[in-house]
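The following briefing covers a helix pair, a nonpolar core and some individual residues. Please read it alongside the sequence and the structure.

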Amino acid sequence: MSDLSHLAWPFLDDSHREFAAALDQWACKNLAKWSDHSDVDHTCRSLVRALGHAGWLKTIVPAGYGGSSPRIDLRKLCLAREILSWQDALADFAFAMQGLGSGSILLFGSDALKAKYLPGVCAGQRIAAFALTEPAAGSDVGALATTAVADGASHVRINGIKTWISNGGIADHYIVFARTGEAPGIKGLSAFVVDADSPGLSTIERIEVIAPHPLATLRLQDCRVPVTHQLGNSGDGFKVAMATLDIFRPTVGAAALGIARRALHEATDRAATRMLFGRPLGDLQMTQAALADSAAEVDAAALLVYRAAWTKDVGAERITRESSIAKMFATEIGQKVVDRAVQIYGGNGVRVGSKAEALYREIRALRIYEGATEVQKVVIARELMKSRAAAPARKQVRA
């Protein structure tokens with residue numbers, strides 16, 4: 001079972017503790033049946049259905065659309081990702097993408113769009129996806145080349161290529177960002193909900209990665225989309241993307257936290273049971289130092305993740321700084337903690353099929369997707385400079 005000792009922290013209340021305990025019990029009992037990831041599309045679809053059937057996807061939409069709470073509880077989303085990633089990174093992925101691929105609809109969609117898409121996502125009957133990245137536009141969102149041009153009064157026609165799209169090829173709808181031309185750069189983008197069966201939308205490449213999950217390159221060729229499927233106003237695309245990522249970046253940190261906790265668990269077990277020179281490996285001071293560093297970093301990451309989630313839940317409109325810090329720190333220390341676990345395991349740490357080897361593959365992408373570490377540092381620094389510019393000048397005391 002997952003390490004849930006942090007549930008006593010003041011960032012969380014009894015509803016979070018009950019939720020986490022129930023999900024952990026369900027995950028321990030059920031996720032092993034989907035441990036075969038050889039057919040990643042089938043497994044991912046099955047996981048989405050199972051998460052929906054069991055009611056865990058009710059955390060990603062509000063009660064009015066089938067959810068369990070009046071509004072999104074970000075702390076529950078983080079707990080869910082932490083617990084699921086401890087057990088199975090693909091289960092975490094299946095959960096996370098239902099949120100990321102519907103969050104923009106929840107935040108900016110019309111009532112009609114919310115009613116059309118959110119209940120199915122919540123029930124696990126519709127698979128959601130978020131299509132922002134392009135071959136020449138990843139971290140630089142302002143470089144997006146996909147276009148959406150008016151096609152009469154009721155539709156737009158979208159043309160372009162989207163790549164590295166999670167759930168690409170299996171999703172039922174995509175949140176597509178395209179250039180509508182209101183202004184140069186990021187101010188000229190808009191967002192649309194595009195159904196997967198829309199004429200002109202096709203999957204042109206499946207992308208295989210070291211930790212398998214559904215990834216694809218999509219082509220939109222004269223793809224007609226109703227203007228009623230636009231999210232927010234024309235030119236709001238960057239705002240839609242960033243507001244959505246603000247919410248979900250802490251959950252990436254939570255996923256990294258779950259992987260790091262599992263790595264620390266595995267490393268501690270190995271240190272306690274592996275005999276070396278007639279003594280447990282854990283008796284060696286170098287091993288103890290590695291475990292101590294990992295334990296401290298895991299706790300620090302957890303504090304940052306749940307600080308960000310708590311800040312949003314208690315009413316902050318935006319958590320850009322907190323979100324980026326949580327995502328940056330947790331994913332970076334996740335990599336370090338997993339690497340130490342592999343080292344403690346020795347040769348078995350890189351043996352295909354070992355848990356340490358799987359964790360090593362699973363943690364790496366988290367430092368890249370939804371804003372690479374280097375981008376998070378830029379965001380954090382810009383937020384600091386903005387705060388300084390907005391703050392009243394402070395008198396300096398001279399010695």
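Which residues in α4 meet which residues in α5? Gln 98, Ser 102, Ile 105 and Leu 106 in α4 meet Leu 113, Lys 114, Tyr 117, Leu 118 and Val 121 in α5, where contact means heavy atoms within 4.5 Å. This is a predicted model, in which local features need pLDDT of at least 70 and side-chain atom pairs count only at pLDDT 80 or more, whereas totals for chains, interfaces and linings use all residues. Residues are numbered from 1 along each chain as its sequence is written, and side-chain values use heavy atoms, with hydrogens and water left out.

**The α4 and α5 pair**

- Helix α4 (residues 89-108) and helix α5 (residues 111-123) pack at an angle of about 160°, with their axes 10 Å apart; the axes are lines fitted to C-alpha atoms over the stretch in contact, and angles run from 0 to 180 degrees between N-to-C directions.
- That angle makes α4 roughly antiparallel to α5, a term that applies to angles over 145 degrees.
- By class, the contact of α4 with α5 has 6 nonpolar, 2 polar and 1 charged residues, with Ala, Val, Leu, Ile, Met, Phe, Trp, Tyr, Cys and Pro counted as nonpolar, Asp, Glu, Lys and Arg as charged, and the others, Gly among them, as polar.
- Helices (H or I, at least four residues) and strands (E, at least two) are DSSP runs, numbered from the N terminus.

**Ile 105 in α4**

- Ile 105, which lies in helix α4, has a relative accessible area of 0% and is therefore buried, a label for values under 20% with a 1.4 Å probe and protein chains only.
- Leaving aside residues up to four places away in sequence, Ile 105 touches Leu 113, Lys 114, Tyr 117, Leu 118, His 173, Ile 175, Val 193 and Leu 231.

**Buried loop residues**

- Leu 132 is found in the loop between β1 (128-131) and β2 (147-151), and counts as buried at 11% relative accessibility.
- The C-alpha atoms of Leu 132 and Ile 165 are separated by 7.7 Å, although these residues are 33 residues apart along the chain.
- Ser 69 sits in the loop between α2 (40-53) and α3 (74-87), and is buried with a relative accessible area of 15%.

**The largest nonpolar core**

- Of the 113 residues in the largest nonpolar core, Phe 130, Ile 158, Tyr 174, Phe 177 and Val 194 touch the most other members; such a core is a set of buried Ala, Val, Leu, Ile, Met, Phe, Trp, Tyr and Cys residues joined through side-chain atoms within 4.5 Å.
- Helix α6 (residues 237-273) gives the most to this core, with 17 residues.

How values were computed. Buried < 20%, exposed > 50% of the residue type's maximum accessible area, 1.4 Å probe, protein only. Parallel < 35°, antiparallel > 145°, perpendicular 65-115°, else oblique.
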